[in-house]
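Me: Hi! I have a protein model open and I'd like to talk it through with someone. Could we go over it together?

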Amino acid sequence: MPADRAPRPHPPERQSRAERRPRVGLVTKRSAWSIYIEERKDPKLRRLVAEKDETISPLRASHDAHERTVNEVLEALSAASAEIAFSCHAGDGFDARGLDLVVTVGGDGTLLSASHYVDDVPILA
């Protein structure tokens, strides 16, 4: 039988939401630290970091707090037996089909960005 005529596998039996793990997409903000220090490698800011300049410490503290929050959310989702379908940053496109929930960690901009990719899936901010 030609490959294009081969039988397709049967889809798995549909399970009710109560019988399966919830599928969750996680959308996080990009912190200023990750944008300017890690991604863009801004030379002025990197110099301040290398010099351990105190003016940069709030930027780093904010980034660290955000990372802790993301980890806490991941732990909570794991404790709830949720399946993390994907994790992406605000502004990255994603396909929300098949998800039970989209969780955003950031601010208004992260929520707004995620909303552009979601039709009928609840978003928790």
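**Talking through the model**

Reply: Happy to! Let's begin with Tyr117, which is partly exposed, with a relative accessible area of 34%. Keep in mind that this is a predicted model.

Me: Okay, which residue does Tyr117 form an aromatic pair with?

Reply: Tyr117 pairs with Phe94. The two rings are tilted, with 5.2 Å centre to centre and 45° between the planes.

Me: And where do Phe94 and Tyr117 lie in the chain?

Reply: Phe94 is in the loop between strand 2 and strand 3, while Tyr117 is in the loop between helix 4 and strand 4. These parts are 23 residues apart in sequence, so the pair ties them together.

Me: Is Phe94 buried or exposed?

Reply: Phe94 is buried, because its relative accessible area is 12% and the cut-off for buried is under 20%.

Me: How many aromatic pairs does the structure hold?

Reply: Two. Phe86 and Phe94 form a tilted pair too, at 5.0 Å centre to centre and with 35° between the planes. Both of these Phe residues are buried. Ring pairs therefore link Phe86, Phe94 and Tyr117 into a cluster.

Me: Nice. Let's zoom out: how many helices and strands does the chain have?

Reply: There are four helices and four strands. Starting from the N terminus, the elements go β-α-α-α-β-β-α-β.

Me: What order do the strands take in the sheet?

Reply: The order is 2-1-3-4, in an open sheet with parallel pairing. Strand 2 (83-89) and strand 4 (123-124) are the edge strands, each pairing on one side only.

Me: What holds paired strands together in general?

Reply: Strands of a sheet pair through backbone hydrogen bonds, either parallel or antiparallel.

Me: How many bridges join strand 3 to strand 4?

Reply: Two bridges join strand 3 (residues 101-105) to strand 4, and these strands run parallel. Val102 stands opposite Ile123 in strand 4.

Me: Which strands does helix 4 touch?

Reply: Helix 4 packs on the sheet and touches strand 1 (23-28), strand 3 and strand 4. The direction of helix 4 makes about 150° with that of strand 3.

Me: What does Thr110 touch?

Reply: Leaving aside residues up to four places away in sequence, Thr110 touches Val27, Thr28, Lys29, Ala90, Thr104 and Val105.

Me: Changing topic: which residues of helix 1 are buried?

Reply: In helix 1 (residues 32-39), they are Trp33, Ser34, Ile35 and Ile37. What covers them includes helix 2 (43-50) and helix 3 (57-79).

Me: And what comes just after helix 1?

Reply: Lys41 is there, and it takes a positive phi of about 50°.

Me: What about contacts between residues at least 6 apart in sequence?

Reply: Among those contacts, 62% join residues at least 24 apart.

Methods: Residues are numbered from 1 along each chain as its sequence is written. This is a predicted model: local features need pLDDT of at least 70, side-chain atom pairs count only at pLDDT 80 or more; totals for chains, interfaces and linings use all residues. Side-chain values use heavy atoms; hydrogens and water are left out. Contact means heavy atoms within 4.5 Å. Buried means under 20% relative accessible area, exposed over 50%, partly exposed in between (1.4 Å probe, protein chains only). Two strands pair if DSSP finds at least two bridges between them. Axes are lines fitted to C-alpha atoms, for helices over the stretch in contact, and angles run from 0 to 180 degrees between N-to-C directions. Rings of Phe, Tyr and Trp (its six-membered ring) pair if their centres lie within 6.5 Å; planes under 30 degrees apart count as stacked, over 60 as edge-to-face and the rest as tilted.
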